[in-house]
Amino acid sequence: MASTVLRIAMNGITGRMGYRQHLLRSIVPIRDAGGVELTDGTRVQVEPILVGRNEAKIREIAEQHGIEHWTTDADAVIADPSVDIYFDAQVTSRRAAALTAAMKAGKHIYTEKPTAETLDEAIELARLARDTGITAGVVHDKLYLPGLVKLRRLVDEGFFGRILSLRGEFGYWVFEGEVQAAQRPSWNYRKEDGGGMTVDMFCHWNYVLEGILGDVKSVVAKTATHIPTRWDEQGNAYDATADDASYGIFEVETPAGDPVVAQINSSWAVRVYRDELVEFQVDGTHGSAVAGLNKCVAQQRAHTPKPVWNPDLPVTESFRDQWLEVPANGDLDNGFKLQWEEFLRDVVAGREHRFGLLSAARGVQLAELGLQSSAEGRRLEIPAISL
């Protein structure tokens, strides 16, 4: 691209993720640092254009962060030929239509997930990206977090030997909203508004499993709505029609063809007794590791103790002290910002981003099959998706 400035229309930045992670911790720091450095040593600057339905909120955020351009007219900004990239962090129900319009207008797109409410819509978005030739990126933030970067490095180095299993624990207690205000928006707990733990998190778990282990081949899931009544932002009680917890077992195949059993519990109705809000333990024949958002600890086979089960005596050894922390061995920046920088370099180079709309479609597929598995009480195989 000849331009030294990429104009980015950012839709949905009044929401928690859109504002905190994408605007405040990614695009604004990139702008303030003078843009993104390219492989040839030159830099490309970014110019955000804020897009949203609430004029007062959009204007306030723009003034707070010194952003000149903002609008409530999404259609106009998508049609504007001077806009290079369209970013979407809206509610899921609005996303597919906006992404479709942006790609048809020749915009590169970067988006949160799920990319669509149905697998058919998600596949159609991937086809459109292919046919229009634009660069499309989907947020895969967890793969850029320090803990999972270290975990992936252990996989690449062969630390685990033959990988046997993965166990994940994710979630925390989201207050009902009656006595203490909920720390997540109420639409998350209404199925009719696109809410639900399975829809929200299985898209993440698909790319985490793909990025760390290999292809996801099957799913068995059990969903639950543990808290049937919640209170919204205005203090009104409402029925929670979406699942607030989802318990999944996934069969994964590594690139070497080895089978791995992955279990991931996801819940907004759980109290945390672990070091981080999400943790993954990978066990292999030669070693094991536990990774959170930032920290990763490991234990080699040669350093593995030999516990003996004796329920009549208290435990005398501290199991946590027997693990060693995996060093970063590098400067690991904010995961959202790192992926934004990678995507922007891909846009300038005119190449595909490694995490595109087809990967996102597989996430939507896993969520759909997870819900189906729970409803039917059975294991479901996951067919390959082709365009």
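The structure is a predicted model, in which local features need pLDDT of at least 70 and side-chain atom pairs count only at pLDDT 80 or more, while totals for chains, interfaces and linings use all residues. Residues are numbered from 1 along each chain as its sequence is written, and side-chain values use heavy atoms, with hydrogens and water left out.

Helices (H or I, at least four residues) and strands (E, at least two) are DSSP runs numbered from the N terminus. Helix H1, residues 16-32, has a kink of about 40° centred on Leu23; the bend at a residue is the angle between axes fitted to the seven residues ending there and the seven starting there. Buried residues (under 20% relative accessible area; exposed, over 50%; partly exposed, in between; 1.4 Å probe, protein chains only) in H1 include Gly18, Tyr19, Leu23, Ile27 and Ile30.

Most residues other than glycine have a negative phi, and most peptide bonds are trans. Asn329 is not a glycine, yet has a positive phi of about 55°. Asn329 is placed in the loop between strand E17 (324-325) and helix H8 (335-349) and counts as exposed, with 65% relative accessibility. The peptide bond from Lys113 to Pro114 is cis, with omega near -5°. Pro114 belongs to the loop between strand E6 (108-111) and H5.

Across the whole structure, 26 salt bridges were found, a salt bridge being a side-chain nitrogen of Lys or Arg within 4 Å of a carboxyl oxygen of Asp or Glu. One of them joins Asp80 to Arg7, with the closest N and O atoms 3.8 Å apart. This pair links distant parts of the chain, 73 residues apart: Asp80 is in the loop between helix H3 (74-79) and strand E5 (85-88), and Arg7 is in strand E1 (residues 5-11). Asp80 is partly exposed at 26% relative accessibility, whereas Arg7 is buried at 16%.

Glu55 and Arg59 also form a salt bridge, with a closest N to O distance of 2.6 Å. These two residues are separated by about one helical turn, because they are four residues apart in helix H2 (residues 55-64). Both ends are partly exposed, Glu55 at 39% relative accessible area and Arg59 at 31%. A salt bridge of 2.5 Å, N to O, connects the side chains of Glu376 and Arg378. Glu376 is partly exposed at 42%, and Arg378 is partly exposed at 42%.

Patches consist of residues with over 30% relative accessible area and no salt bridge, like charges being joined within 9 Å and nonpolar side chains (Val, Leu, Ile, Met, Phe, Trp, Tyr) within 5 Å. A negative surface patch is made up of Glu117, Asp120, Glu121 and Glu368. Of these, Glu121 lies in helix H5, residues 119-132, and is partly exposed at 34%. A nonpolar surface patch comprises Val220, Ile249 and Val261, which together have about 210 Å² of accessible area, computed by the Shrake-Rupley method with a 1.4 Å probe. Val220 is part of strand E9, residues 215-224, and is partly exposed, with 32% relative accessibility.

Key:
Lys and Arg count as positive and Asp and Glu as negative; His and the chain ends are not counted. The place of a charge is taken as NZ of Lys, CZ of Arg, CG of Asp or CD of Glu.
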